Amino acid sequence: MKKIKKLILISVIILALYIVKTLLGGLIIGGVFFPPISHEGVEKRFQQHKEYILTVTDYFEKSEYRNIYINLSMKSNEFSVGGERVIIEDADIVKAIAYLKRNGCSVIIRDEETIQFQMWANLDSGRGIAYSINGEKPVIEFLTKLEPLSENNWYYYEED
């Protein structure tokens, strides 16, 4: 009888933990525990991590590739161009990318004349820092909001 009670208790605990995990997971994805970053929050991160952001921006600007993609799950010494992996040889760039990933940057993209540093995202939208290489307004797919930051050609963006 004790074994049956223990099994029932363990089953109830496991079920309760699963329910709590599911509910909390939905809240996290929904932005309750990680609310969207604001324009002011992006400006603060831009100033705080500026050295590393500028290092990566300069590297992307000088790159022969016009469409570069880096996400959080990729190694810091690589990026993707059209699905093909490219290795980054410059240790300073690798260090800057690793630093930005550790400090809230989940995606870095160069799409033609725009460089993006995504600082917040959920399943539906993203927010972050955008830089215009050519001085025109950044072109970002599904852009819903674009506001200038304190420096020329730098912007806060929201996409949906």
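How do H3 and H4 lie relative to each other, and why? The two helices pack at an angle of about 130 degrees, with their axes 9 Å apart, and H3 and H4 are therefore oblique to each other. Here the axes are lines fitted to C-alpha atoms, for helices over the stretch in contact, and angles run from 0 to 180 degrees between N-to-C directions. On that scale, under 35 degrees counts as roughly parallel, over 145 as roughly antiparallel, 65 to 115 as roughly perpendicular, and the rest as oblique.

Before going on, a word on what you're looking at: this is a predicted model, where local features need pLDDT of at least 70 and side-chain atom pairs count only at pLDDT 80 or more, while totals for chains, interfaces and linings use all residues. Numbering starts from 1 along each chain as its sequence is written, and side-chain values use heavy atoms, with hydrogens and water left out.

Now zoom out. The protein chain has four helices and eight strands, taken as DSSP runs numbered from the N terminus (helices are H or I with at least four residues, strands E with at least two). Read from the N terminus, the order is α-α-α-β-β-β-α-β-β-β-β-β. Of the 160 residues, 37% count as buried; buried means under 20% relative accessible area, exposed over 50%, and partly exposed in between, with a 1.4 Å probe and protein chains only. The accessible surface comes to about 10,100 Å², and 58% of it belongs to carbon and sulfur atoms. Those areas come from the Shrake-Rupley method with a 1.4 Å probe, and for residues only the protein chains shown count as cover. As for contacts (heavy atoms within 4.5 Å), take those in the chain with a separation of 6 or more: residues 24 or more positions apart account for 51% of them.

Back to the helix pair. H3 covers residues 50-62 and H4 covers residues 91-102. On the H3 side, Tyr-52, Ile-53, Thr-55, Val-56 and Tyr-59 meet Asp-92, Ile-93, Lys-95, Ala-96, Ile-97, Tyr-99 and Leu-100 of H4. By class, that contact has nine nonpolar, one polar and two charged residues. The classes work like this: Ala, Val, Leu, Ile, Met, Phe, Trp, Tyr, Cys and Pro are nonpolar, Asp, Glu, Lys and Arg are charged, and the others, Gly among them, are polar.

Ile-53 turns up again in the surroundings of Trp-154, a residue of strand S8. At 3% relative accessibility, Trp-154 counts as buried. Leaving aside neighbours within four places in sequence, its contacts include Phe-46, Ile-53, Leu-54, Phe-117, Ile-129 and Pro-148. Phe-46 sits 108 residues away from Trp-154 in sequence, yet their C-alpha atoms are 9.3 Å apart.

Asn-153 has a positive phi of about 70 degrees although it is not a glycine, and with a relative accessible area of 26% it is partly exposed. Its C-alpha is 5.2 Å from that of Ser-132, 21 residues away in sequence. Ser-132 belongs to strand S6 (residues 126-132) and is buried, at 1% relative accessibility. Beyond its neighbours within four places, Ser-132 is in contact with Glu-113, Pro-138, Asn-153 and Tyr-155.

Tyr-155 is also one of the contacts of Glu-147, along with His-39 and Tyr-156, again leaving aside neighbours within four places. Glu-147 is in strand S7 (residues 143-148) and is partly exposed, at 25% relative accessible area. Glu-147 and Ala-130 are 17 residues apart in sequence and 9.7 Å apart in space, C-alpha to C-alpha.

Glu-112 sits in the loop between strand S4 (107-111) and strand S5 (114-121), and at 34% relative accessibility it counts as partly exposed.
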